Amino acid sequence: MAATATACPAPPPPRSLYRGVALAAPGRRRAGYGASSSAARRWPGCRRRWAAHRIRTVSCAYSPRGAKTITACSWNEYVICSDIPVLIEFWASWCGPCRMVHRIVDEIAQEYAGRIKCYKLDTDDYPQVATSYSIERIPTVLLFKDGEKTHSITGTLPKAVYVRAIEKSISDSEQ
Amino acid sequence: MMSMASTTASPFCPSPMPRGRKCTVRVQAGAAGADASDKSLEIMRKFSEQYARRSNTFFCSEKSVTAVVIKGLADHKDQLGAPLCPCRHYDDKAAEVAQGFWNCPCVPMRERKECHCMLFLTPDNDFAGQDQAITLEEIKDATSKI
């Protein structure tokens, strides 16, 4: 006597399960952050590099010990990719002569507004940047043109010394 | 803490998160500054006066420079055990203290009377003042305006 096939096979799983396998939508980046910053808009080439850093968590070239700091990234945008010469003063809280150089740099920033950019960097807050540029003595002022360091002025010197270096950077840049 | 005031926007804090981190660092630094003891400040003040007299050097004509450096030395003495020069950038402060080259008075000062902090200035230096004395009040006044 042939066995009667009374049991039916289990029904196939509901079709909706297959739709659930779709890839999740990628997370949206926070508004106003990253590539949408004004600096990134101004320098499209920099935005790609900057965005690459944000997405792939690439270490910045200017953090030799692998520290990933926004400052190192901002450095690349504001200094390396600047279209006009840049002056950076390296200082520390309890460095007495730094106070004198502060005043000189503040005056220069006003007198050369639009023709150069002036920034100050606290070496205690951002030691990697200071280390990557071999800063030893403080105060040290660096000048950059087209992303290259053109002058390094160490110690407390008369304002004319800084002005001379700046004028040279500007005239070279305007050729 | 030294102000980051500048006529241009700070490029080093383009978004809230780094600024927050930086505030943390600043708070710590501020706390460290607040921890600088009057005892160390007085020790470094006395040392500076004595050393200026012994080495025939003079404090800066702008006494706030002198005051800030002495404060920096006192901070390092409290934090590191020795008055490491506050006008240099170090990769490893503890190692530098152990080596001693930049402990005040540093080797360049001892050997050649070269003090890039402008704490001890030879009489011929353009910035040299007439004083070999500074009061604790002068130091506190000059270093409380941060």
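Buried means under 20% relative accessible area, exposed over 50%, and partly exposed anything in between (1.4 Å probe, protein chains only). We're working on a predicted model, where local features need pLDDT of at least 70, side-chain atom pairs count only at pLDDT 80 or more, and totals for chains, interfaces and linings use all residues. Residues are numbered from 1 along each chain as its sequence is written, chains are lettered from A and ligands numbered from 1 in the order in which they are written, and side-chain values use heavy atoms, leaving out hydrogens and water.

**Exercise 1.** Classify the ring pair A:Trp75 and A:Phe144.

*Solution.* Start with the rule: rings of Phe, Tyr and Trp (its six-membered ring) pair if their centres lie within 6.5 Å, and planes under 30 degrees apart are stacked, over 60 edge-to-face, the rest tilted. That gives eight aromatic pairs over all chains. Here the centres are 5.7 Å apart and the planes at 85°, so A:Trp75 and A:Phe144 pair edge-to-face. Next, A:Trp75 is buried at 0% relative accessible area, and A:Phe144 is buried too, at 1%.

**Exercise 2.** Classify the pair B:Tyr51 and B:Phe120, and decide whether its residues are buried or exposed.

*Solution.* With centres 5.0 Å apart and planes at 55°, this pair counts as tilted. As for accessibility, B:Tyr51 and B:Phe120 are both buried.

**Exercise 3.** Find what sits over the ring of B:Trp102.

*Solution.* The test wants NZ of Lys or CZ of Arg within 6 Å of the ring centre and within 35 degrees of the ring normal. The charged end of B:Arg88 sits over this ring, 3.7 Å from the centre.
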